[in-house]
Amino acid sequence: MKTIYKSLRNISLALCATMAISSCDSFLDTKPYDFVAPQTFYTNESECTMALAGVYYTLVYEQTYGNYYSCMISNVDDLSYYQRPEGQTASYVYGNDHSPSEQYIWGAWETLYKGINNANMLIENVDGADMEDAIKTRIKGEAKFLRALYLFEIVKNWGQAPLVLEEAQSTATTSKLNSGAEFYTQILKDLQDVLSSSLPEKQGASDFGRASKAAARHLRALVYLTRGYQDYADVNDFKNAYDDAMYVIEKTGHSLLEDYAMVHRQSNEANDEVIFAVNYNNSTNNNNNQQSTYYLFSYREGWEGLAKSNFYANDYGDVMPSKYLYTSFDWKKDRRAEVTFMSPLNGDPATSVDGRTYGRNAFMNTTQLGSSSTGVADTVIHFPVPTEEGFRVYSKAEQDAANAASPMKFIYNYPSGSYKDCSEDDYFITGLQGNSSATRAWLPVYKFKDAGTLYGESGGSQYGSRDIVLFRLAETYLIAAEAAVMKKDNVNALLCINAVRERAMHNAKEQGLAKYEGTVTIDDVLDERALELFGEAPRWNDLTRTGKLAERVLEYNWDVTHITGGLIQTQLSAATNAKYSLRPIPVNWLNTLSNGQELGNNPGWE
């Protein structure tokens with residue numbers, strides 16, 4: 001069915017020309033050209049390779065996973081929320097303003113369909129090209145992998161949508177909503193074709209960022225796992241999910257790195273744990289990755305001596321971790337705490353994720369840093385953390401004295417006590433810096449930090465170019481653990497979840513991180529995914545897949561239950577769990593159709 005948008009092929013076309021932007025000269029280093037008609041293209045290997053590079057365009061240039069849209073629609077969960085409590089945007093909360101008219105919902109929908117259209121064009125035309133059959137099947141395999149990935153993003157977020165498998169030729173005046181069952185059938189068909197193609201099991205360093213059979217099998221495991229919870233599931237879905245995950249673990253050459261810090265070390269991005277990543281090649285010519293930006297906070301607002309700086313990058317700071325997440329980490333026994341957040345580890349170039357000194361648990365005077373050849377500057381904000389020397393809780397009198405001194409030094413104590421009460425925790429109080437009552441400050445997430453981030457010094461907003469890891473083997477283990485739980489195989493659930501847990505102990509300050517014992521539950525798996533994959537795997541999808549959205553958000557997200565007098569809490573409940581487990585279909589798209597009103601929307605969003 002030819003549908004969706006007016007001349008989609010002219011909007012963000014998949015035909016690209018190779019433009020080297022790093023020493024790697026990767027085929028993924030591309031710049032999009034204007035439209036080239038299919039009848040004059042796709043004639044040989046060179047043209048089809050350029051077209052394939054364009055199918056990756058949605059990942060790299062459209063920023064499907066590293067931009068504001070994905071950030072805004074992903075963090076409505078138990079682990080994070082919007083940093084300005086009185087300015088909670090509709091996508092972050094469960095109130096009356098969350099609607100089909102949100103620009104964030106439309107932006108994600110539109111981008112994914114652009115990617116699907118680009119894949120469709122190549123899949124339709126590659127068979128007619130003059131090239132070896134093995135190369136042809138490899139190119140088609142990569143295109144089908146990406147189409148399956150984009151289709152999966154649509155079905156797991158919207159549940160129903162147009163299943164588009166042909167190039168969009170013209171403006172569509174009517175459309176239909178295909179069922180989730182139809183989407184899953186097509187996704188699994190595409191992935192089986194990938195596994196039957198000439199793609200390698202694992203990509204080498206020179207082709208890092210390209211699809212592989214291991215990536216297809218990891219994705220298929222997650223597809224089976226997700227469908228397994230649906231009312232149209234196949235009886236073997238959880239078994240198939242487990243089998244695919246274990247195949248990736250045992251037979252593809254991927255392996256867990258010994259140290260969690262090395263997983264996120266920017267200089268070690270192309271490592272054996274990474275199965276598939278959005279590859280930017282760390283070039284300043286391709287600063288499209290916004291991921292690190294949204295995990296800081298607005299550090300320039302209200303603090304004397306702090307201004308937006310390339311030391312700390314852009315500071316839009318939309319994602320604030322929940323107290324539940326902070327208090328879930330055992331800092332001394334779990335290496336992941338120091339890697340995930342600003343910490344002494346991230347202030348040491350030998351261990352920090354970006355190889356620099358600025359990730360320690362303090363913000364320094366950026367004006368002095370910029371003018372100092374030694375990099376020494378006054379501390380403006382100090383976040384005490386359990387692994388720093390002399391860690392303790394500062395009294396209110398000590399904090400006030402530090403704040404009144406010259407130069408001023410703000411001290412924000414680490415959250416303590418029950419996650420059910422944030423009212424006395426420094427991170428959750430607005431305006432402690434005195435000049436900006438609308439903002440809060442908290443220990444930022446740092447594992448995505450990019451040493452090459454640009455911050456708009458020449459006008460406009462620019463971001464980073466480190467890779468975005470989409471699939472890595474630790475998640476494969478946790479997919480296997482979840483599938484084992486669902487098929488009541490507790491022995492293997494324990495083996496898989498504890499494999500991840502055991503790695504977390506390596507190089508920790510102290511030994512003795514407790515491993516799982518007894519019966520593993522879905523909540524255990526979600527808890528471990530929180531510690532291992534925060535900010536990497538979309539948490540909202542984890543909660544909607546398992547049917548735990550309302551339960552865990554209401555239990556662990558203090559903002560959701562307290563902002564605007566508890567209005568959000570009255571909107572989100574067990575009764576509305578089904579509604580909020582699907583995105584609303586964008587009204588922007590429905591309004592382009594003559595039968596848009598007839599299509600309606602997802603349950604509860606009419």
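Arg466 counts as buried, at 6% relative accessibility; buried means under 20% relative accessible area, exposed over 50%, and partly exposed in between, with a 1.4 Å probe and protein chains only. The model is predicted, so local features need pLDDT of at least 70 and side-chain atom pairs count only at pLDDT 80 or more, while totals for chains, interfaces and linings use all residues. Residues are numbered from 1 along each chain as its sequence is written, and side-chain values use heavy atoms, with hydrogens and water left out.

Arg466 is found in the loop between strand 8 and strand 9 (468-472). Helices (H or I, at least four residues) and strands (E, at least two) are DSSP runs, numbered from the N terminus. The side chain of Arg466 has a polar atom 2.8 Å from the backbone oxygen of His264. The backbone oxygen of Lys449 lies 2.7 Å from a polar atom of the side chain of Arg466. A polar contact is a pair of N or O atoms within 3.5 Å; within protein, one must be able to donate a hydrogen and the other to accept it, and residues adjacent in sequence count only if both atoms are side-chain atoms.

## Chain totals

The protein chain has 24 helices and 9 strands. Of its 606 residues, 63% count as buried. Among the contacts in the protein chain with a separation of 6 or more, 70% come from residues 24 or more positions apart; contact means heavy atoms within 4.5 Å.

## Strand pairing

Two strands pair if DSSP finds at least two bridges between them. Strand 4 (residues 274-278) is mostly covered, with 5 of its 5 residues buried. The bridge partner of Ala277 in strand 9 is Val469.

An open sheet is formed by 3 strands in the order 6-7-8, with mixed pairing. Strand 6 (362-364) and strand 8 stand at the edges, each with a single partner strand, so one side of each is left without a neighbour in the sheet. Strand 7 (residues 379-382) and strand 8 run parallel and are joined by 2 bridges. In strand 8, Ile411 is the bridge partner of His382.

## Helix 18 and helix 19

Helix 18 (residues 539-546) and helix 19 (residues 549-556) pack at an angle of about 125°, with their axes 7 Å apart. Axes are lines fitted to C-alpha atoms, for helices over the stretch in contact, and angles run from 0 to 180 degrees between N-to-C directions. The two helices, helix 18 and helix 19, are therefore oblique to each other: angles under 35 degrees count as roughly parallel, over 145 as roughly antiparallel, 65 to 115 as roughly perpendicular and the rest as oblique. Helix 18 contributes Arg539, Trp540, Leu543 and Thr544 to the contact, and helix 19 contributes Leu549, Arg552 and Val553. By class, this contact has 4 nonpolar, 1 polar and 2 charged residues. Ala, Val, Leu, Ile, Met, Phe, Trp, Tyr, Cys and Pro count as nonpolar, Asp, Glu, Lys and Arg as charged, and the others, Gly among them, as polar.

Trp540 of helix 18 is buried, with a relative accessible area of 1%. Trp540 and Ser581 are 41 residues apart in sequence, and their C-alpha atoms are 8.3 Å apart in space.

## Gln186 in helix 7

Gln186 is found in helix 7 (residues 180-195). Gln186 is buried, at a relative accessible area of 12%. Leaving aside its neighbours within four places in sequence, Gln186 is in contact with Arg147, Leu151, Leu163 and Leu165.

## Backbone exceptions

Most residues other than glycine have a negative phi, and most peptide bonds are trans. The peptide bond from Ser406 to Pro407 is cis, with omega near 0°. Pro407 lies in the loop between helix 14 (396-404) and strand 8 (410-411).

Lys488, a residue other than glycine, has a positive phi near 60°. Lys488 is found in the loop between helix 15 (473-486) and helix 16 (490-505), and is exposed at a relative accessible area of 78%. Asn507 is not a glycine either, and has a positive phi of about 65°. Asn507 lies in the loop between helix 16 and helix 17 (522-533) and counts as partly exposed, at 44% relative accessibility.
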